[in-house]
Amino acid sequence: MDSSEIDSVWRRLNKGYSHFLRQTPIVKLPGAALGVAGAEVWLKLEHLQVGGSFKARGMLNRLLANPIPDSGVIVASGGNAGIATAAAARALGVPCEVFVPAVCPEAKRARLRALGAQVVVAGAVYSEALEACLARQQATGALLTHAYDQPEVVAGAGTLACEIEQQAGLPDAVLVSVGGGGLIAGVAAWFGQRARVVALEPELAPTLFQARAAGQPVDVAVSGIAADSLGARRIGAIAWDVTQRQVKDALLLPDEAIRTAQQWLWSELRLAVEPAAALGVAALQTGAYVPCEGEKVCLILCGANMDPASLG
C-alpha cells in the first residue's frame, strides 16, 4: 500500500463516481477554540460523506475492483461499513446482505434497511457477527466486503487523506480514530513521514494500543461509548503493518472525555457526529495530544450514524 495506489483510486473515484461520493469540506478553527492556543485546527467533515461515514470510499472501491456475483455483496459491520456497502451496492444495482452485532444501534439498522439491504443480527459483538457472515458467504458465494482489512478498502479510505491535501495543503499532524484500523492505515499510507499521524482509541476498545504492548495483534475485550463503530476486537493485519512503520503515537481516551467532545461539537458548532468522530477533539481538550506553536492539526470527523436524540 503506497501513495501512488491511493492517488490512482482517488482519481478514478472522482472521475467516474463523483455523482456518488462527495468531496467533504474542511473547516479551519483557531486552536484557542479547543484549548490549544497557537495551533490551527482543521476539521475534515467526513461525517457528511454518503452513508454518513468515510467508509463509502473503501466500500465503493472494493465493489468496483471485483466481479460481483448474482448473490451480490455481503459484509459484517458495527453499522458504518454496512451502511457504506449498502449504499454502494444500491448505486451499482446489486443485492446486499449485512450482518450486524446486537450492539449496533437501531438507527443504523433502520438506515441499512432504507438502503435496501437485508439485515441479519448475529452475536453480541462484531467478531461474532463476522463469524456468521463468513459462514453465510461460503454458502452464497457473495462478494465479501471486510469492514477494514482489505487492500481495496484501505486504499479507498486513504483517498480521504489525499483529498485533505488537495483541499488545504499538507497538515503537520492528523489525529485518526482507530477501530480495526482501515482509516489510519489509508491515512498513514498516504502521508508517510510527511505528516505526523496519531492513533486515537477509547480506553475500552484499545486494539492497536494492546497490540503494541503484546508486540503483535491480539484479541481484546471491547465495550464503551464507541463500541458500535470502533468495536473491532483485533487490529487489522494491514493496519498493523502500516502503523508499525508510519505511526509513532497511539493514545487512549476515556469515554467521559469522548462524550464531552461529542457534546461540544454539537453545542458549539452544531456538528452532529457519533462518538468515534469526537476522539480528535477529546485528545485536544484533555491534553492527551498537545500541538506545537503554529502547528496545523487535522481532525477527521469520521462518522455521523447515531441517534440524534443522544445529543440532547
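**Cysteines, a buried histidine and helix packing**

The sulfur of Cys 104 lies 13 Å from the closest cysteine sulfur, in Cys 96, which is too far for a bond. A disulfide here is a pair of cysteine sulfur atoms within 2.5 Å. The structure holds zero disulfides. Cys 96 is in no disulfide either, and its nearest cysteine sulfur, that of Cys 133, is 9.6 Å away. Cys 104 counts as buried at 2% relative accessibility, and Cys 96 counts as buried at 9%. Buried means under 20% relative accessible area, exposed means over 50%, and partly exposed is in between (1.4 Å probe, protein chains only).

This is a predicted model: local features need pLDDT of at least 70, side-chain atom pairs count only at pLDDT 80 or more, and totals for chains, interfaces and linings use all residues. Residues are numbered from 1 along each chain as its sequence is written, and side-chain values use heavy atoms, with hydrogens and water left out.

His 146 sits in the loop between strand 6 (143-144) and helix 6 (151-168). Helices (H or I, at least four residues) and strands (E, at least two) are DSSP runs, numbered from the N terminus. At 14% relative accessibility, His 146 is buried. Its side chain reaches the backbone nitrogen of Tyr 148 at 3.0 Å and that of Asp 149 at 2.9 Å. Leaving aside residues up to four places away in sequence, His 146 touches Met 59, Tyr 126, Leu 130 and Val 153. Contact means heavy atoms within 4.5 Å.

Now the helices. In helix 9 (residues 237-246), the buried residues are Ile 238, Ala 239, Trp 240, Val 242 and Thr 243. They pack against helix 6, helix 7 and helix 8 (207-214).

Helix 7 (residues 182-191) also packs with helix 1 (residues 3-16), at an angle of about 110° and with the axes 8 Å apart. Axes are lines fitted to C-alpha atoms, for helices over the stretch in contact, and angles run from 0 to 180 degrees between N-to-C directions. Helix 1 and helix 7 are therefore roughly perpendicular (65 to 115 degrees; under 35 is roughly parallel, over 145 roughly antiparallel, the rest oblique). Ser 3, Ile 6 and Asp 7 in helix 1 meet Gly 186, Ala 189 and Trp 190 in helix 7.

Last, a loop residue. Arg 270 lies between helix 10 (255-269) and helix 11 (279-286). Its phi is near 55°, a positive value in a residue other than glycine. Most residues other than glycine have a negative phi. Arg 270 is exposed, with a relative accessible area of 55%.

Terms used: Polar contact = N/O pair within 3.5 Å; in protein donor to acceptor, adjacent residues only side chain to side chain.
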